[in-house]
Amino acid sequence: MPAPLLRMAGIAKSFPGVQALTDVTFEVAAGEVHALLGENGAGKSTLLKILAGAQSPDAGTITLAGQPISLPSPQAAQALGIITIYQEFNLIPTLSIAENVFIGREPARFGLVDWRRMNAEAKGIIAQVGLELDPRRLVSDLSVAEQQMVEIARALSMQSRLIIMDEPTSALSEVEVLRLFELIRALKVRGIAIIFVTHRLEEVMQLCDAVTVLRDGRLVGRAPIGELSVDGLIRMMVGREVERLFAQRPRVEAGALALEVEGLASTGDPMDQHATSLHDIHLTVRRGEILGLAGLVGAGRTELARAIFGADPIAGGRIKVAGEVLTLRSPEDAIAAGIGLVPEDRKQQALFLSLAVRNNLSIAALGRLAGRFGFLDSAAEDRLIKRYGERLSIKMASPEQAIANLSGGNQQKVVLARWLALEPKVLIVDEPTRGIDVAAKAEVHQLLFELAESGIAIIAISSELPEVMTISDRIVTMREGRITGELPAAEASEERLMALMTLRQAA
Amino acid sequence: MSRSSVDQAGAAAADRQVDLFGLLAKFAPLIFLLVLMAVFAILQPRFLSSLNLFNVMRQVSIFGLLAIGMTFVILTRGIDLSIGSLLAFAGLVAAAVAKGGLESRFAVGAGAEAAGYGWPLALVAALGVGVAAGALQGFAITRLKVPPFVVTLGGMSAFRGAALLFAGGGPISGFDEGYRWWGQGYVGIVPVPVIIFGLFALAAHVVLRYTHFGRRIYAVGGNPEAARLSGLNVDRVTLQVYVLMGFMAGLGGFVLSARLNSAEAVAGLTYELTVIASVVIGGTSLFGGIGTIFGTVVGTILIGVLLNGLVLNNVSSYVQQIIIGVIIVLAVAFDTFAKSRRRRV
């Protein structure tokens, strides 16, 4: 085997509370398309950020073409010919194609930008990737595929030796994907190495020469693609013995239909360009049932939760709670119908960090705490806080304590209490245990079981497959805004779920 | 068991630490105010005379009414730059109503008094103008999604223009005694504007602390997205806040015209700056969700005392403007510093 173009050896990186990478070795040869695979949180992004110069490793060495290198900044990485094309492109939409290609290194004459030369050269550069466009056009007017081509063209113009593509196909149509693959093969011939990150295993089989798999921040294995099957890849990604960390709850008989989603379609948050569109979603949840939603990042789980909750507009389909069709213009309507949502990002979407536990807990229930003349019935509020504080064993000095000073687990319990105070029919929890410690995690799980037992229908979204399998009665998998499969939890294994989450044809 | 008690002890210790800083931040304006008063008292004994102190308070009252409204606005992460212009416009409308129309505007003295519609209608007119203008701006902010800064910058220009157009550039002066009482009268030894300010401050404090509306304001300002996902109607709260601000500007315009016994289109110039400075110095965060009426009252008095003390010591009004400008920037710098402190916790 020839000396690799890139060799990262013994790479380690930790963040407060998390060991993101442990002793990872990663090699890529010149002219090779190399897939980097792993579950959410396996350490892919951290490894690539180190390579892009955006983060520095705690330990380990990096060599490029045999020379030891250091990557203190993204500029340093670019100067060495290591170019990263992020999933969320790095283009400036208000500037032209040519300005984007040459940003920071515009050709100049007498200290002024030489526009004619810049546009002429940009035209040549984008022609290399098959774009026949006027380089003076604004990037904001281009399609996603065209923007990606501009990114690749820019990478080429920087004498790149190694191009990192983070999920380049996720926003492309099938025809555009084929065009991209052709281009990647052309780059190979020129001796450029490509690191290819994707959730689509069939693309790995089709395009890549070799694969490296990470799991829990460690290297699982590296192999040429010819020696592997899709099943083998999935086994490598999931790997660990499926351990059931927490006690299973007794399966209760599910009750009447609580939530029905019929043919739901949406385009996601209008303000978020990268939101996944939902297509033809059908699902039902019964009283007392916990439905798990599994899928990789970008599968549309959060978008589905937000659509059911009225937080994003829906484009089609119906949502019924207890048999009644809802008209959802805002979360206010969903809440009135008995739906609650514990959102994915606690700090940004759920907590009022400048306020006390009291205000955070009772905010959704204010309508029920009405006294006379718009005053709060503060005695009722005190009772409410006491009841849920005890029921969820929220550890706080007093209700007046700033919520910012509680632990993540206790903050999450306050958010849960906010909804319980409304006695919802349907509760959606999006990553309910993200960023909280193991003990609190078990408590939250136990709480979800109790809520289900009390007759609430629960939809639980989690990126951790063991968690989904532990808490759910039934699991629905999603990919790219569609439902790809459904399993009773008893029949689910990480392998089966991973297959449903990654493959176009449901296994 | 032991684990949780350790956690609690740790949290309690952290709380104490934060509280020390929080306490200091909370009472810093009050301490600053007392120091400032002491300095002025030494420099100029006249400062502490009851005549002067009530004079200060009377001046402060108009700013104070506006600052109460502005506290609500800033608590929701908003801003209102139009209040000075709106105050002038509302004052002129009130004056015109009191005088029974623009024809008798220049009539001064007893002869004209009989012609008007009286102060109650004038007050209603001023409040009506304020509420309508506030609703208009609130509508532009919530429905047209134009940032408050831009909407009220437009309002600042438009309402000033409306005031000039309405009055043809000249003042409307000379009101009857009932009208003037609102600006010049006394209850016992306390000037009426001070009483109005005190009552509204008390009411605003109660609203912010003990009502649904108050809770919603803090929630919307603290985290608008979380507020929406908690089922609050963020747009409605925002609209209400600008209507309230307009109401306070209308009231301020009425009281000011009563105090001066004259309304003019150039009244209230740069009031927005003084008022925003008062609110921010009083500890209300421009980032929203943090602030109290108590702080605003202290901040308003502080600015009033500062300006009064400067006047008594013969500092020119040009220098006063420079000082106000510097104070605004310093107060926000302090706010940003406090915010970064909180984030580290």
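The model is a predicted one. Three residues of chain B stand out: B:H212, B:R215 and B:L229 supply 29% of the area that chain B buries against chain A, more than any other three residues. The contact takes 28 residues from chain B. Chain A gives 34 residues.

Polar and charged pairs also cross this interface. The rule finds 11 residue pairs in polar contact between chain B and chain A, with both residues at pLDDT 80 or more. It also finds 3 salt bridges across the interface. The side chains of B:R236 and A:E332 meet in a salt bridge, at 3.7 Å from N to O.

Helix 9 of chain B gives the largest share, 6 residues. By class, the residues on this side of chain B are 11 nonpolar, 10 polar and 7 charged.

In chain A, the side chains of A:E262 and A:R318 meet in a salt bridge at 2.9 Å, N to O. A:E262 lies in strand 13 (residues 257–266) and A:R318 in strand 16 (residues 314–321), so this pair ties together parts of chain A that are 56 residues apart in sequence.

Helix packing was examined within chain B. The axes of helix 2 (residues 50–75) and helix 11 (residues 234–260) of chain B come within 8 Å. They cross at roughly 170°. An angle over 145 degrees counts as roughly antiparallel, and the two helices of chain B are therefore roughly antiparallel to each other. Helix 2 of chain B makes the contact through residues including B:I62, B:L65, B:L66 and B:F72. Helix 11 of chain B contributes, among them, B:V241, B:L244, B:M248 and B:L251. The contact between these two helices has 16 nonpolar, 3 polar and 2 charged residues.

Key
Residues numbered from 1 in each chain as written. Chains lettered and ligands numbered in written order. Predicted model: local features only at pLDDT ≥ 70, side-chain atom pairs only at ≥ 80, totals over all residues. Heavy atoms only, no water. Axes fitted to C-alpha atoms, helices over the stretch in contact; angles between N-to-C directions. Helix = DSSP H or I, 4+ residues; strand = E, 2+ residues; numbered from the N terminus. Parallel < 35°, antiparallel > 145°, perpendicular 65-115°, else oblique. Contact = heavy atoms within 4.5 Å. Nonpolar A, V, L, I, M, F, W, Y, C, P; charged D, E, K, R; others polar. Buried area = accessible area lost by both parts, 1.4 Å probe. Salt bridge = Lys/Arg side-chain N within 4 Å of Asp/Glu carboxyl O. Polar contact = N/O pair within 3.5 Å; in protein donor to acceptor, adjacent residues only side chain to side chain.
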